[in-house]
Amino acid sequence: MAIEIKMPRLSDTMEAGTLVKWYVKEGEQVESGQVLADIETDKATMEMPTYDAGKVAKIMLKAGANVAVGETVMILAEEGESVEEAVKSIGSSSSSAGEAKSEASESGSPKPSSASTTATATASPAPTSNGAASSNGSTGRMLVSPLARRIAEENGLDLKSIKGSGPQGRIIKRDVLAALGQDEPSQDVAVGAAASAPAPAMAAPTTPLGGKVALSNMRQTIAKRLVESKNTIPHYQVSVSVNADPLLDLRITLNEQLKSQNVKLSVNDFLVRACALAIHQHPHFNAAWKSDSLQIGEHVNIGVAVALPEERGGGLVVATLRDADRKGLRQISAETKALADKARGKGLSLEEMSDSTFTISNLGMYEVDFFTAIINPPNAAILAVGAAMKKPVVRNDELTIGHEMSCTLSCDHRIIDGASGARFLSTLKGMLENPATLLV
C-alpha cells in the first residue's frame, strides 16, 4: 500500500511550513531515516526525514511552496508496488490539491490549505533559512551551505577537494575562502563582543533600492510576535549608566591569564552572569504573566539575542543559556559562543531557543550608545545594553575620562513596578561596577 508523507508539525505554534529544498527525486529509492527535504517553520529550518522505505512515486509540491500541517507532500511506493499503483491508490484529490498549491506558489500567491490531519513524519533540527545541502554517511550526499556552494561555483572550485569545518563536517563559507587563499573577516559574537571593539564595516546591501523581498516564515513570525508583544504587554523603560572601567580592566586581566587555554571572555558573559545572580534578589524578573496569577520560574534561563547573517535573511533568534545562575564565566562564554555559531550556521534546535526567563540584547559591538528593546514573551523584562563609550565623566568629584555603558530595562508593568525595575538595575549596576563579585 502506498505511503503518504505529510507536512509534520515541527513546533507548537506551526500551522504551515515552506518547502525550501527537496533532496530526492521521483523514482528514487529512499531508506528509513533519510532526509527528504528542508522545511522552514515559523521558528527555524528543519530537516524532514522519512521513517519508511520505498520508491518516490510522486512529489506533490515544488520547492518554495507553502504547505499546511498535515497536507500530503509526497507519495512513496512500497516494495513490490509500482509507482503508478501507488499514485492511483492515494487518489486524485491530493494530487489536484498539490498541483494547485504548486501553481499558486509559483505565481507568488500561495493559497491556504484546509488540511489539518496529524503529520506522519517528524523532523530533527537542521540548517536554517537557506536550506543548506545536507548529507549523512548512509546517503553519501555532500554537506555544504548554500553560500559556500555558490562561492565555489563562481570560482570553479571542486567542493570534493574541501574538508568542511562546520557542524558534522559541513563545508561552510570560510572553508571555501580558505581553499581560494582568502581570509574570512573575523566576527565576534554579536551579543558578546568586546565593548571597545570597532564597529564592523557596513556590508553591501543584498537587495537594491526599490526591490521587493519575500518574507520568510521566520521573519513573518518575528514580526507577528513583536507586534503582539507591543500590543499586549504594557512596556515601560528604566535606564542606568554603569561605570565600565572596573569591568573592562578585570576582563583584560582574566583574558590575559586565560589566553593559554584559548578562553576569551566578552562583556556579554559578565552581563549574563550578573543578570542571573541579580534575579535571585528580584525573583519577579523570572516571572511570566498567567492572566490571574504569576508563574515565577524555578530555573534562571537567560536568553541571548543573536543576530543572523544577512545571507540567511537577517533577523535574530534568542538562544537560551539554561541555569545561567549556576554557571561560571568560563562556561557561560563557551556556551554562548557555541550557540551563536550554531545559530549562524546549522541553526538552533527548538529546545535551544525555548524556555528563556529573561533576555539580554547587546548592541555594543555596533557602537550603539543607547536603545530600548521589545520584551520577548513570556519574559517579564529584557535588558538592552549599549557600548562602553569613552567620555568625560566625574569620578571622585573630579573630571576625568572613563568608560560608561548604558543599560536599559524594558519591563512588563503588569508584573514589575517602576520602583522594582529601578532596584533591579541598582543591583545589576553594583555587580558590574564591582565585577570581582561575579567570580564567586
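User: Which residues touch the most other members of the largest nonpolar core?

Analyst: A nonpolar core is a set of buried Ala, Val, Leu, Ile, Met, Phe, Trp, Tyr and Cys residues joined through side-chain atoms within 4.5 Å. Buried means under 20% relative accessible area, exposed over 50%, and partly exposed in between (1.4 Å probe, protein chains only). In the largest nonpolar core, which has 60 residues, Ile 302, Phe 358, Met 405 and Leu 409 touch the most other members. Helix H7 (residues 267–281) supplies the largest share of this core, 10 residues. Apart from it lies another core of 31 residues, including Met 7, Leu 19, Met 46 and Ile 75.

The basis of these values is as follows. This is a predicted model, in which local features need pLDDT of at least 70 and side-chain atom pairs count only at pLDDT 80 or more, while totals for chains, interfaces and linings use all residues. Residues are numbered from 1 along each chain as its sequence is written, and side-chain values use heavy atoms, with hydrogens and water left out.

User: With which residues is Phe 358 in contact?

Analyst: Contact means heavy atoms within 4.5 Å. Leaving aside neighbours within four places in sequence, Phe 358 is in contact with Cys 275, Ile 279, Phe 285, Asn 301, Ile 302, Gly 303, Asn 379, Ala 381, Leu 383, Leu 409 and Phe 424.

User: Where is Cys 407 found, and which residues does Cys 407 touch?

Analyst: Helices (H or I, at least four residues) and strands (E, at least two) are DSSP runs, numbered from the N terminus. Cys 407 is found in strand E17 (residues 398–412) and is buried, with a relative accessible area of 0%. Not counting residues up to four places away in sequence, Cys 407 touches Val 238, Ser 239, Val 240, Val 242, Leu 383, Ala 384, Val 385, Leu 425 and Leu 432. The C-alpha atoms of Cys 407 and Lys 429 are separated by 8.7 Å, with the two residues 22 apart along the chain.

User: How many salt bridges does the count come to?

Analyst: Side chains of opposite charge can pair when their charged atoms come close. A salt bridge here is a side-chain nitrogen of Lys or Arg within 4 Å of a carboxyl oxygen of Asp or Glu. The count by this rule comes to 8 salt bridges.

One of them joins the side chains of Lys 327 and Glu 335 (2.9 Å, N to O). Lys 327 is buried at 13% relative accessibility, whereas Glu 335 is partly exposed at 23%. Arg 414 forms a salt bridge with Asp 412, with the closest N and O atoms 2.8 Å apart. Here Arg 414 is partly exposed at 32% and Asp 412 is buried at 1%. Asp 245, Arg 395 and Glu 404 are linked in a network of salt bridges.

User: Why are Lys 429 and Glu 433 separated by about one helical turn?

Analyst: Lys 429 and Glu 433 are separated by about one helical turn because they are 4 residues apart in helix H9 (residues 418–433). Their side chains meet in a salt bridge (2.9 Å, N to O). Lys 429 is partly exposed, at 24% relative accessible area, and Glu 433 is partly exposed at 22%.

User: In what order do the 4 strands of the open sheet stand?

Analyst: Strands of a sheet pair through backbone hydrogen bonds, either parallel or antiparallel. Two strands pair if DSSP finds at least two bridges between them. The order in this open sheet is E1-E8-E6-E3, with antiparallel pairing. Strand E1 (3–6) and strand E3 (29–30) stand at the edges with a single partner strand each, so one side of each is left without a neighbour in the sheet. E3 is joined by 2 bridges to strand E6 (residues 54–59), running antiparallel; Val 30 has Gly 54 as its bridge partner in E6.

User: Which peptide bond is cis, and where does Pro 378 lie?

Analyst: The peptide bond from Pro 377 to Pro 378 is cis, with omega near 5°. Pro 378 lies in the loop between strand E15 (358–362) and strand E16 (381–395). Glu 367 has its place in the loop between E15 and E16, with a positive phi near 60° in a residue other than glycine.
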